[in-house]
Amino acid sequence: MAKASKAQKVSITKDPSACSLVLVGMMGAGKSTIGRRLAARLGVAFVDADAEIERAAGQTVREIFDAHGEAEFRRGEERVIARLLDGEPKVIATGGGAFVNDRTRKRIKEKGISIWLRAEIPVLLERVMRNNARPLLKRGDPESVLRKLAEERYRYYEQADIVVDSSTGPHREVVDAIVKKLRAAEAVSKTPGPTRTAAAAR
Ligand code: S3P
């Protein structure tokens, strides 16, 4: 069953009415799938940052990595997320490396509520092996790549406002766990707009 991490004390001091909810975490954590469902539950828009980068570039993530390199992809990622955070409050799924970027992480911390979807490596591995869209996994044995990235990145993901386990259980339960945490932080009930408040109260 998906569970909210019990030890975590949620403390969100920013004005939630102006906040987007930003899903961060490793590839395969379910950020896009859960994000879409969370947005539907709250009655707000959902945006996948990688899809926005692809739209802006007219190329897939893989093509951007192949043709221009990771650094260029990261610059596009930073620009796109900055733009998304300036718009209407929404649910944003970010790529696994986004929250590692100091400027992006700072912007998300200032303007959004960050949610780390945490999952065990074997679960991530099983999910990412379903397609070959992720260029970083081509840099070696996918399990070793994931373990190394996790080792480098958890210190950043841990800075998210909310942590929710997405390893097991139906998506609905992961969304429930997020909404429960947001409510505990009063981030949902304070958010104006009848759709969002009413939908969240279900
Ligand atoms: C990346 C994760 C991918 C995508 C790109 C780089 C990463 O997104 O942004 O391949 O650095 O972990 P997902 O986390 O949605 O797979």
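**Exercise 1.** In this predicted model, determine which helices each supply at least two residues of the lining of the largest pocket.

*Solution.* Step 1: the helices that meet this condition are α1 (31-42), α2 (49-57), α3 (61-68), α4 (70-86) and α8 (171-184). Step 2: α1 gives the largest share, 5 residues. Step 3: the pocket itself has a volume of about 840 Å³. Its lining comprises 37 residues, and those closest to the centre are Met 27, Gly 28, Ser 32, Asp 50 and Arg 134. Step 4: sorted by class, the lining holds 12 nonpolar, 13 polar and 12 charged residues.

**Exercise 2.** State which space the ligand takes, and describe what surrounds the ligand.

*Solution.* Step 1: the ligand takes the space of the largest pocket. Step 2: the ligand is surrounded by 13 residues, with Lys 31, Asp 50, Arg 74, Arg 134 and Arg 153 the closest. Step 3: this shell consists of 5 nonpolar, 3 polar and 5 charged residues. Step 4: a polar side-chain atom of Arg 134 is 2.6 Å from a ligand oxygen, and a side-chain N or O atom of Asp 50 lies 2.8 Å from a ligand oxygen. Gly 97 places a polar backbone atom 3.4 Å from an oxygen atom of the ligand. Step 5: the ligand taken alone exposes 380 Å², of which the protein buries 94%.

**Exercise 3.** Identify the element that contributes the largest share of the lining of the second largest pocket.

*Solution.* Step 1: this pocket contains about 290 Å³ of space. Among its 14 lining residues, Glu 70, Leu 136, Leu 149, Glu 152 and Arg 153 are closest to the centre. Step 2: α4 and α7 (142-157) are the elements that give two or more residues. Step 3: the largest share, 5 residues, belongs to α7. Step 4: by class, the lining has 5 nonpolar, 2 polar and 7 charged residues.

Terms used: Residues are numbered from 1 along each chain as its sequence is written. This is a predicted model: local features need pLDDT of at least 70, side-chain atom pairs count only at pLDDT 80 or more; totals for chains, interfaces and linings use all residues. Side-chain values use heavy atoms; hydrogens and water are left out. A residue is near a molecule or strand if one of its heavy atoms lies within 4 Å of it. A polar contact is a pair of N or O atoms within 3.5 Å; within protein, one must be able to donate a hydrogen and the other to accept it, and residues adjacent in sequence count only if both atoms are side-chain atoms. Accessible areas come from the Shrake-Rupley method with a 1.4 Å probe; for residues, only the protein chains shown count as cover. On a 1 Å grid over the protein atoms alone, a cavity is a set of points where a 1.4 Å probe fits but cannot get out, and a pocket is an open set with protein on both sides within 12 Å along at least five of seven lines; lining residues have an atom within 4 Å of a point. A molecule sits in a cavity or pocket if more than half of its atoms lie within 2 Å of its grid points. Ala, Val, Leu, Ile, Met, Phe, Trp, Tyr, Cys and Pro count as nonpolar, Asp, Glu, Lys and Arg as charged, and the others, Gly among them, as polar. Grid points are joined across faces, edges and corners, and a volume is the space filled by probe spheres set on the points. Helices (H or I, at least four residues) and strands (E, at least two) are DSSP runs, numbered from the N terminus.
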